[in-house]
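Dear colleague,

I am handing over the structure we spoke about, and my notes on it follow below. Please read them with the model open beside you.

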Amino acid sequence: STQSTWGIWWWHQKKQLATAIGKIIRAQRKGRGSIFKAHTTHRKGPAKLRALDYAERHGYIRGVVRDIVHDPGRGAPLAEVTFKDPYKYKTETELFVCPEGLYTGQFVFCGTSAQLAVGNILPIGKMPEGTIICNLEEKLGDRGALAKSSGRYAIIVSHNTEKQKSVVKLPSGHKKMIPSACRAMVGLVAGGGRIEKPILKAGRAYYKYKAKRHVFPLVRGICMNPVDHPFGGGNHQHLGMPGTVSR
């Protein structure tokens, strides 16, 4: 029951406070919610590819870019793309991570028979080796998981037609084998060069992380008092204990 769960939790809290002299440090407070939750109020929504359907598997479907918008807490812009519903008389609006070179009013084609052009979405098995892609699916139908941050891209290295697998070089440099039916967007993500501009002052860092989550400013444990952190205290700033832990 809820009451018994609360009782167990409170017993653990009392035991922790009795055994530990001092405060509960920041690393222990994270993960509980409170001030450490992500700031998602003004975000536009999850940026995903279209849900895989019959139209994409056996042909293509055409959409048009209505707007390119800023998403708070994200370095890359988002594109609002509208599609006609293939089954009902209505339109669907999708949010895509915007590739470099996409513009409002542009037609975007999604499907196996779409052409190789910036902004189009097609299976990586249909693209030639050396193609620069972004918004790449890791598993078939997951609607995009890899190479989605600003300025990032992946490169198709090779295809294995027998196993229906493709090797892709990720932004980290790691090469990964994924199914050739996984979809990706042609081009690289817009907003590149974002990290080349130095932050220079604390005010810019404050507003940067205000849109993301509570990780700034970060006070070092070594400059705290003994009551606040295990590294705190002493006439000089020093750890006073091993800074690493055993495996």
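This is a predicted model: local features need pLDDT of at least 70, side-chain atom pairs count only at pLDDT 80 or more; totals for chains, interfaces and linings use all residues.

Which residues does Thr82 touch, not counting residues up to four places away in sequence? They are Gly63, Val64, Arg66, Glu92 and Thr93, where contact means heavy atoms within 4.5 Å.

Residues are numbered from 1 along each chain as its sequence is written, and side-chain values use heavy atoms, with hydrogens and water left out.

Strand S2

Thr82 belongs to strand S2, which covers residues 78-84; helices (H or I, at least four residues) and strands (E, at least two) are DSSP runs numbered from the N terminus. Because its relative accessibility is 17%, Thr82 counts as buried, the terms being buried for under 20% relative accessible area, exposed for over 50% and partly exposed in between, with a 1.4 Å probe and protein chains only. The side chain of Thr82 is also joined to that of Arg66 by a polar contact of 3.1 Å. A polar contact is a pair of N or O atoms within 3.5 Å, of which, within protein, one must be able to donate a hydrogen and the other to accept it, and residues adjacent in sequence count only if both atoms are side-chain atoms.

Lys84 is found in strand S2 as well, but with 67% relative accessibility Lys84 counts as exposed. Its contacts, leaving aside neighbours within four places in sequence, are Ile61, Lys90 and Thr91, and its C-alpha atom is separated by 7.3 Å from that of Gly63, which is 21 residues away along the chain.

Ala154 has its place in strand S7 (residues 154-160) and, at 0% relative accessibility, counts as buried. Apart from neighbours within four places in sequence, Ala154 is in contact with Thr131, Ile132, Ile133, Leu136, Ala147, Val168, Lys169 and Leu170.

Ala147 has a positive phi of about 55° although it is not a glycine, and at 10% relative accessibility it counts as buried. Gln164, in the loop between S7 and strand S8 (165-169), likewise has a positive phi of about 55° without being a glycine, but Gln164 counts as exposed at 51% relative accessibility.

Salt bridges

The structure holds eight salt bridges, each defined as a side-chain nitrogen of Lys or Arg within 4 Å of a carboxyl oxygen of Asp or Glu. In one of them Glu56 pairs with Arg183, the closest N and O atoms being 3.0 Å apart. Glu56 lies in helix H3 (residues 54-58) and Arg183 in strand S10 (residues 183-186), so this pair ties together parts that are 127 residues apart in sequence. Both partners, Glu56 and Arg183, are buried. Through shared partners, salt bridges join Arg50, Asp53, Glu56, Glu137 and Arg183 into one network; within it, the side chains of Arg50 and Asp53 meet at 2.9 Å, N to O, and both of these residues are buried.

Asp228 forms a salt bridge with Lys23, with 3.1 Å between the closest N and O atoms. This pair links distant parts of the chain, 205 residues apart, since Asp228 is in the segment after helix H4 (202-210) and Lys23 in the loop between helix H1 (2-19) and helix H2 (26-29). Asp228 counts as buried at 18% relative accessibility, whereas Lys23 counts as exposed at 55%.

A cis peptide bond

Phe216 and Pro217 are joined by a cis peptide bond, with omega at about -5°, and Pro217 lies in the segment after H4.

With kind regards
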